[in-house]
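Grab a pencil and work through these exercises one at a time. Try each task yourself before you read its solution.

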Number of protein chains: 2
Amino acid sequence: MLIRNAKEIGVFVRERRLKLKLSQAELSQRVGVSRLWIVLLEKGKPTAQLGLVLRTLNALGLSLKISESTGSLQPGKIDLDKLLRQRTGKGVL
Amino acid sequence: MLIRNAKEIGVFVRERRLKLKLSQAELSQRVGVSRLWIVLLEKGKPTAQLGLVLRTLNALGLSLKISESTGSLQPGKIDLDKLLRQRTGKGVL
DNA sequence: TGTATATGTAATCGTTCGCTTACTTTTTTG
DNA sequence: CAAAAAAGTAAGCGAACGATTACATATACA
């Protein structure tokens, strides 16, 4: 499944945990975090620390694959201010 | 590529950034973080916030896929203390 | 070669993480 | 139904995040 944001990870984590018949308490101990942290992660906490998230995925037997997404990389909102800031007057645009 | 820890993400981010010929400064602006944060991320900062990491991957045209890792989920270090704590004396082991 | 440009490091600072504890609400199960 | 287990919520606190600023080192390139 493609992951775009924290909420999607949260959903996936919860479903996997339930599939494994683990309680939040059980999982939290395996991962080494508080139960509250698991609650928040499953709710899609975007400020959760990367390392703890990865440990959680490992504990659940989930794996992450990273790859170049085919197609145009995030169109990248043209920001005139930025363009001007960039390298003053070297003929951008 | 399989991602197991923060360092692996860091390496992948850096390689991708260079492939796109972006400076750390450019990337940091696109993502909306400080340049220092990019430096640390590329070094494998495990405490980086999940949301910022995902935004960075998007900005670089990278996508994450999550899936059940075939085989035995993380063997799960047998922790006697935990087993005992679990449900006292309901015949674990 | 020297000079911009990119990258690495350090220190300070306000904000927020994640932990603990305690309590409530929901779900399970005997 | 009653009791237990699981899950949600709140408050307080120390620790660490990420931003900013400043300077040092590397790399590019004219």
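Ala, Val, Leu, Ile, Met, Phe, Trp, Tyr, Cys and Pro count as nonpolar, Asp, Glu, Lys and Arg as charged, and the others, Gly among them, as polar. A residue is near a strand if one of its heavy atoms lies within 4 Å of it. This is a predicted model, where local features need pLDDT of at least 70, side-chain atom pairs count only at pLDDT 80 or more, and totals for chains, interfaces and linings use all residues. Residues are numbered from 1 along each chain as its sequence is written, chains are lettered from A and ligands numbered from 1 in the order in which they are written, and side-chain values use heavy atoms, with hydrogens and water left out.

**Exercise 1.** Describe the protein surface near DNA strand C.

*Solution.* Start with the count: 17 residues surround DNA strand C, and Ser34(A), Gln49(A), Arg14(B), Gln24(B) and Lys43(B) are the closest. Next, sort them by class, which gives 6 nonpolar, 5 polar and 6 charged. Then look for helices (DSSP runs of H or I, at least four residues, numbered from the N terminus). H3(B) gives the largest share of this surface, with 3 residues.

**Exercise 2.** Work out how H2(B) and H3(B) are arranged.

*Solution.* Finally, list who touches whom (heavy atoms within 4.5 Å): Gln24(B), Ala25(B), Leu27(B) and Ser28(B) of H2(B) meet Arg35(B), Ile38(B), Val39(B) and Glu42(B) of H3(B).

**Exercise 3.** How can chain A be laid on chain B?

*Solution.* Superpose by least squares on the C-alpha atoms of residues with pLDDT of at least 70 in both copies. A turn of 180° with a shift of 0.0 Å along the axis does it, at an RMSD of 0.0 Å. The two copies are thus related as by a two-fold rotation axis.

Notes: Helix = DSSP H or I, 4+ residues; strand = E, 2+ residues; numbered from the N terminus. Axes fitted to C-alpha atoms, helices over the stretch in contact; angles between N-to-C directions.
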